[in-house]
Amino acid sequence: MYACVPHHVYIGFPQVNSPKIWSSLGSSRMDFRIFAVSSSVNEASTYIPAAPIFLPEGPWKQIPGGVTAAKGFKAAGMYGGLRAKGEKPDLALVTCDVDATSAGAFTTNVVAAAPVMYCKSALDITKTARAVLINAGQANAATGDAGYQDVIDCANALAKLLQMRPEEVLIESTGVIGHRIKKEALISSLPKLVDSLSSTIEGADSAAVAITTTDLVSKSVSIESEVGGTLIKVGGMAKGSGMIHPNMATLLGVVTTDALVASDVWRKMVQVAVNRSFNQITVDGDTSTNDTVIALASGLSGSTKISSLNSYEAKQLQSCLDAVMQGLAKSIAWDGEGATCLIEVTVTGADCEAEAAKIARSVASSSLAKAAVYGRDPNWGRIACAAGYAGIPFHPNKLRISLGDILLMDGGQPLPFDRVAASDYLKKAGETHGTVEIRISIGDGPGSGQAWGCDLSYDYVKINAEYTT
């Protein structure tokens, strides 16, 4: 997943919305800048609110638009009768006016869903794509040959409407595993969905809502920045709240840009960005059958073509891509099922980024550490334990652990600390749906990395115990 070579990591920050969220706006964090752009009030906002996105500081500006911010892209979301309950939009479509350079990242689950297998095949056939169709309601996973044929039929139907080749249509699905797509309902909804396509903020927002399942907020972000002296835009949307774990996490995502980039370079850049974002979040340790991120580059910005991964322009675009994906990834971890706070684990002093990232993931994934955070118990021993079993060797006498600004352990030795203050720190984060910061140092190396998760609450069990009922 990672090469053990140290390089700078760009970091994104938390999210907010819904009843469990609004009070967090009253808290502040002084160590990073918060960017939030409100979308226009539209039909999508009546179902679930949009999550503010916390981006790293960098040479970019957050702008409205999500997946439609970049030149050449349109989006739409609508209710097509696929959900078991309610009439929240359940079909989303993102299209590009030109052949967009395509890339994808997928679940490592052996029981991969039919749309995952279809997308992998399509990306092997062609280096470009024109459309991404997403449905909520049915995962179409573990559905055999019939489920795969459903994907082909849906892709063919949309390709005919859009007058493009079937392999230029990519498919993502989310919902209940073992349930095939409600194909008749989906296909009969396609003409209206296509007619609804728009390059507006409303189009992007409706698509972002349509792909959600147990999410309490929709996730959408876009930025603009200079690459090689030309202003380019990168946008994206994602869904995810449960079955979230590195490699990849139950998530669906679409990322768009109008930068011009060679196919081989784009596909490598997307994998790097996924490794620094979606592969660094965890909610519950379950990796889904449907995890998919599709990234499309239209090239319509007028920028010079990026043909080398080592070029300065490639590094500029990589940082933009990292920022957008990390913003979306953190919003997913923040919106974890039943979560009351985001957990951010920062590891420094490793030999390389890959090792630091692995330790950070281990701590963020620890059920014991997550439960302690929910119980407002500053049990740093669970943090030390999870760092130690990550599989990365380090000298225990160099271990240093902090909870927020409270130093708990240094030089491998426990320190006296104000347990009440530490517990209050956790309580405040839970009350405001804020962020619990765990900082770990394992030595003097140049490698650093981060991972994000959430606390483990009683509500997580309730949500998933009743998921299909």
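Which residue in β12 does I401 stand opposite? The residue is M409, and the pair belongs to a predicted model whose chain holds eleven helices and 15 strands. Of the 469 residues in this chain, 61% are buried, and among contacts between residues at least 6 apart in sequence, 82% join residues at least 24 apart.

**The six-stranded sheet**

- Six strands form an open sheet with mixed pairing, and their order across it is β13-β12-β11-β14-β10-β15.
- At the edges of this sheet are β13 (413-414) and β15 (445-454), each of which pairs on one side only.
- Strand β11 (residues 400-403) and strand β12 (residues 406-410) run antiparallel and are joined by three bridges, with I401 placed opposite M409 in β12.
- Strand β11 also pairs with β14 in the antiparallel sense, this time over four bridges, and here S402 has R439 in β14 as its bridge partner.
- Strand β14 pairs in the parallel sense with strand β10 (residues 342-349) over seven bridges, where I343 has V436 in β14 as its bridge partner.
- Strand β14 is mostly covered, since six of its seven residues are buried.

**Helices packed on the sheet**

- The strand pair β11 and β12, joined by three bridges, is touched by helix α9 (residues 380-388), which packs on the sheet and also touches β13 and β14 (435-441).
- The direction of helix α9 makes about 135° with that of β11.
- Helix α10 (residues 419-432) packs on the sheet as well, touching β11, β12 and β14, and its direction makes about 130° with that of β14.

**Helix α7 against helix α9**

- Two packed helices are described by the angle between their axes and the distance between the axes.
- For helix α7 (residues 353-365) and α9, the axes come within 8 Å and cross at roughly 135°, and the two helices are therefore oblique to each other.
- The crossing in which α7 passes α9 is right-handed.
- The residues that meet are I359, S362 and V363 in α7 and I383, A386 and A387 in α9.
- Sorted by class, this contact of α7 with α9 has five nonpolar residues, one polar residue and no charged residues.

**Two residues with a positive phi**

- Most residues other than glycine have a negative phi.
- A142, although it is not a glycine, has a positive phi of about 60°, and its place is in the loop between β4 (128-138) and α2 (144-162).
- A142 counts as exposed because its relative accessible area is 52%, and the cut-off for exposed is over 50%.
- H433 also has a positive phi, near 50°, in a residue other than glycine, and H433 is found in the loop between α10 and β14.
- Is H433 buried or exposed? H433 counts as buried because its relative accessibility is 2%, and buried means under 20%.

**A buried serine in a loop**

- S218 is placed in the loop between α4 (201-210) and β6 (219-227).
- Although it lies in a loop, S218 is buried, with a relative accessible area of 6%.
- Which residues is S218 in contact with, leaving aside its neighbours within four places in sequence? The contacts of S218 are I48, P49, A50, A51, A208, V209 and T212.

Technical notes: Residues numbered from 1 in each chain as written. Predicted model: local features only at pLDDT ≥ 70, side-chain atom pairs only at ≥ 80, totals over all residues. Heavy atoms only, no water. Pairing = 2+ DSSP bridges. Contact = heavy atoms within 4.5 Å. Axes fitted to C-alpha atoms, helices over the stretch in contact; angles between N-to-C directions. Buried < 20%, exposed > 50% of the residue type's maximum accessible area, 1.4 Å probe, protein only. Parallel < 35°, antiparallel > 145°, perpendicular 65-115°, else oblique. Left-handed = near helix turned anticlockwise from the far one by under 90°. Nonpolar A, V, L, I, M, F, W, Y, C, P; charged D, E, K, R; others polar.
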